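Biologist: I'm new to this one. Can you put it on screen and walk me through it?

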Amino acid sequence: MKIAVALSGGIDSAITAYILKERNYQLIGITFELFESQKETIEKAKYVSHFLNIPHYVLELKEFFKKEIISYFVDSYAKGLTPNPCAWCNRKIKFGKVLEWSIKNLKIEKFATGHYVKIENYKGNPLLKRAKDKNKDQSYFLALIDCEIIPYLIFPLGDFTKDEVKSLGKNLFKFLDYKESQNICFLKNKTLKEFLSTYLPEKKGFVVYKDKIIGTHSGIHWYTIGQRKGLGIPFGKPLYIIDLDFNENKIVLGDEKDLFSKGLILEDLNFHLPLDLWTNPSAQIRYKAPIAKVKDIIKNDEEYKVLFETPVKGVTPGQICVFYEDEFLLGGGVIKKAIK
């Protein structure tokens, strides 16, 4: 079987390739160039390919990535939203453009990445499932990919813990960096504010609490729902951002209790399993957020109204809401607004 493996120059993708090579698959390494300053990661990916004696291709996608991911990221913040670029990159880039190119040009049968996730059948459908290592599980970031491509995918690391992968890697790939990256890749070690400053100008507006102006801000794109620190407004008690009003360029503050919502409105809901087969779904409103039991999901035109059994804290427009059942990923969508 011919498999393309996405090589990022990191340990996870390197061990993914190693495992598949040990299973005697015909492997092809592929690295995608998404922005400037990726020379080092591309060279490391080439080293891994050379070490494993497999062919390696570099796919240049800088303009496509800028259009589909960076522009989306910046535009979302400009509107007071908090986007999740990794989920969209998986949909548009890794399991979109790169997979399509690999099938067409490399004639592959499967596509592998170093994500910590499993694939198993559930209710007659191949679905993504939480990984063995629950602390590293990355199924959340794959909720927006097309369900039709799941049969093409292989995730060898789903049955490994991160510590097991590191231990194996240190014996094989001594030239790789083992530090965990916590930053969004295209920020390139800049803070979010530093990055957005190159795209979004200062835009002053008011900060309000209980309909009274208590301060000013320099742009709603610097802030996010639930934020408490960095407001620069002494008030004598903790206040939290509960709304970013794009139309009025206004930040609305409230008390902690105001962060709780009984539900949310979703758009762009992407199904991995048809909705009529969902029997006991739970929701996760952002990565690492507590699981919330779902009371009801009601379709309204192209949007979905999601109600929780108990109120959920910190529903944030622009983030991804993902649904699970028995650790299986049912699908996910983009949060449009909270229902108070």
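Biologist: Is Phe 73 buried or exposed?

Modeller: Phe 73 is buried, at a relative accessible area of 0%. Buried means under 20% relative accessible area, exposed over 50%, and partly exposed in between, with a 1.4 Å probe and protein chains only. Some ground rules before we go on. This is a predicted model, where local features need pLDDT of at least 70, side-chain atom pairs need 80 or more, and totals for chains, interfaces and linings use all residues. Residues count from 1 along each chain as its sequence is written, and side-chain values use heavy atoms, without hydrogens or water.

Biologist: How many aromatic pairs are there?

Modeller: The structure has 20. Rings of Phe, Tyr and Trp (its six-membered ring) pair if their centres lie within 6.5 Å; planes under 30 degrees apart are stacked, over 60 edge-to-face, the rest tilted. Take Phe 73 and Tyr 77: their ring centres are 5.1 Å apart and the planes meet at 70°, so this pair is edge-to-face.

Biologist: Where do those two sit?

Modeller: In helix α3, residues 62-78. They are four residues apart, which means about one helical turn between them. Helices here are DSSP runs (H or I, at least four residues), strands are E runs of at least two, and both are numbered from the N terminus.

Biologist: Which parts does the pair of Phe 73 and Phe 195 tie together?

Modeller: Phe 73 is in helix α3 and Phe 195 in helix α6 (residues 192-197), so the pair links parts 122 residues apart in sequence. That pair is edge-to-face too, with 6.0 Å between centres and 65° between planes. Phe 195 is buried at 6% relative accessibility. Both belong to one aromatic cluster, whose members include Phe 35, Phe 186 and Tyr 199.

Biologist: New topic. What order do the strands of the open sheet take?

Modeller: The four strands run β9-β8-β11-β10, with mixed pairing. Strands pair if DSSP finds at least two bridges between them. At the edges are β9 (212-217) and β10 (240-245), each pairing on one side only.

Biologist: In which sense do β8 and β11 pair?

Modeller: Parallel, over three bridges, between residues 205-209 and 250-254. Val 207 stands opposite Ile 251 in β11.

Biologist: Last one. What does UniProt place at residues 262-335?

Modeller: Its unreviewed entry gives "domain: tRNA-specific 2-thiouridylase MnmA-like C-terminal" there. UniProt positions follow the numbering used here, feature names are shortened, and annotations may be inferred rather than shown by experiment. In the model, that stretch is 0% helix and 64% strand, and its end C-alpha atoms are 14 Å apart.
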